[in-house]
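Please look at the model below with its pockets, its strands and its overall dimensions in mind. The briefing that follows takes these topics in turn.

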Amino acid sequence: MAASDITGGGTIVSRTLSLELARVTERAAIAAARLRGQGNEKAADQAAVDAMRGELNALPIDGTVVIGEGERDEAPMLFIGERLGTGTGPRLDIAVDPLEGTTLCAKDMPGAIAVMALAEGGSLLAAPDVYMDKIAVGPGYPAGVVDLDASPADNIAALARAKGVKPSEITAIVLDRPRHAALISAVRATGAGIRLISDGDIAGIIFTTSPEETGVDIYLGTGAAPEGVIAAGALRCIGGQMQGRLILDSADKRDRAARMGIEDPRRKYELTDLARGDVIVAATGVTDGALLRGVRFKPGFIETETLIYRSSTGTVRRITGEHRRPERFEG
């Protein structure tokens, strides 16, 4: 089968891009991992950004960042609207989080990853760099089993009924933030358990897809929009349900969203509104975590672990890379 045989209903996304994206996140992860535990979040994030940008610009694509780390005036981050690639290939949307868990990396704590998504042009939600309300569950439940507009108690009860268990046997994963105090109280009032995470809500959403292994049934709460779109891309491959709503709580944010084509600032986005068509998601571990093993610097080579998700084939691939020319990743 030729590398360009698989389409998602528009621009052809080459199968070979899966491996190319692995190289992109591997390089970003290695760059960030060199600064693990040094307490400098900005430096680690910038190292990942520079490495990711350099690798993406070598790809034969005409890519545009539709979900990134800010808008043009916030460069040198990978900003929304930035064009990447050689410009000679297919037109593609890019969503990036070069270092999810900057604090985790700076403190050498578990769970930091380099992650991105790529899809046919017009397939990923284009939105300003704002927060997003999110709810997600894994596969195997009736459509609409949970709803972003329902109360935590109603969602926990509905999920417990669908799973055939008591609410006390449900576990929600929630970012440990002051803004979630009321949410945490409401979930605990149902008898359900909560796993609090300091960072890393992409992994948190992915955890809902295998509760028998992770012990996590549902993701609830507010996190960054880029992570929401990337996680939606992963769920397209693994299965599950997700809804999100952008938090456009100021005139400036609403104006920025309107300029990007968002007509309804209160719209509730379903999974396929966030990511549709043929989506590829790549994630490489920076520090050791439940999802991925972190970068390992060994005599003569560097070892990485990467997950590649693809929606058109419904595949998840775990790749262990041994980079025998570590000088390629210097600088």
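The second largest pocket of this predicted model is lined by 18 residues, and those nearest its centre are P110, G111, A203, F207 and A290. A pocket here is an open set of points on a 1 Å grid over the protein atoms alone, where a 1.4 Å probe fits and protein lies on both sides within 12 Å along at least five of seven lines, while lining residues have an atom within 4 Å of a point. Residues are numbered from 1 along each chain as its sequence is written, and side-chain values use heavy atoms, with hydrogens and water left out. Because the model is predicted, local features need pLDDT of at least 70 and side-chain atom pairs count only at pLDDT 80 or more, whereas totals for chains, interfaces and linings use all residues.

- β7 (193–197) and α6 (201–207) are the elements that give two or more residues to the lining of the second largest pocket, where helices (H or I, at least four residues) and strands (E, at least two) are DSSP runs numbered from the N terminus.
- The volume of the second largest pocket is about 250 Å³, a volume being the space filled by probe spheres set on the grid points, which are joined across faces, edges and corners.
- Its lining divides into 10 nonpolar, six polar and two charged residues, with Ala, Val, Leu, Ile, Met, Phe, Trp, Tyr, Cys and Pro counted as nonpolar, Asp, Glu, Lys and Arg as charged, and the others, Gly among them, as polar.
- The largest pocket holds about 620 Å³ of space, and its lining has eight nonpolar, six polar and 12 charged residues.
- Of the 26 residues that line the largest pocket, D97, T102, Y131, A224 and E227 lie nearest its centre, and the elements giving two or more residues to this lining are α2 (41–56), β3 (91–100), β8 (218–224) and α8 (225–238).

**Charges over rings**

- R179 lies over the face of Y131, at 4.8 Å from the ring centre, where a charge sits over a ring if NZ of Lys or CZ of Arg is within 6 Å of the ring centre and within 35 degrees of the ring normal.
- R324 is likewise placed over the face of F301, at 4.1 Å from the ring centre.

**Strands and sheet**

- An open sheet of six strands has the order β7-β6-β8-β5-β9-β10 with mixed pairing, and two strands pair if DSSP finds at least two bridges between them.
- β7 and β10 (269–270) are at the edges with a single partner strand each, so one side of each has no neighbour in the sheet.
- Strand β6 (residues 171–175) runs parallel to β8 and is joined to it by two bridges, and A172 has I218 in β8 as its bridge partner.
- Strands β13 (residues 301–310) and β14 (residues 315–323) pair in the antiparallel sense over nine bridges, with T320 in β14 as the bridge partner of E305.
- Four residues separate β13 and β14 in their hairpin, and G314 in the turn has a positive phi of about 65 degrees.

**Overall dimensions**

- The protein has 10 helices and 14 strands.
- Its C-alpha atoms fill a box of roughly 55 × 45 × 45 Å, taken along the principal axes.
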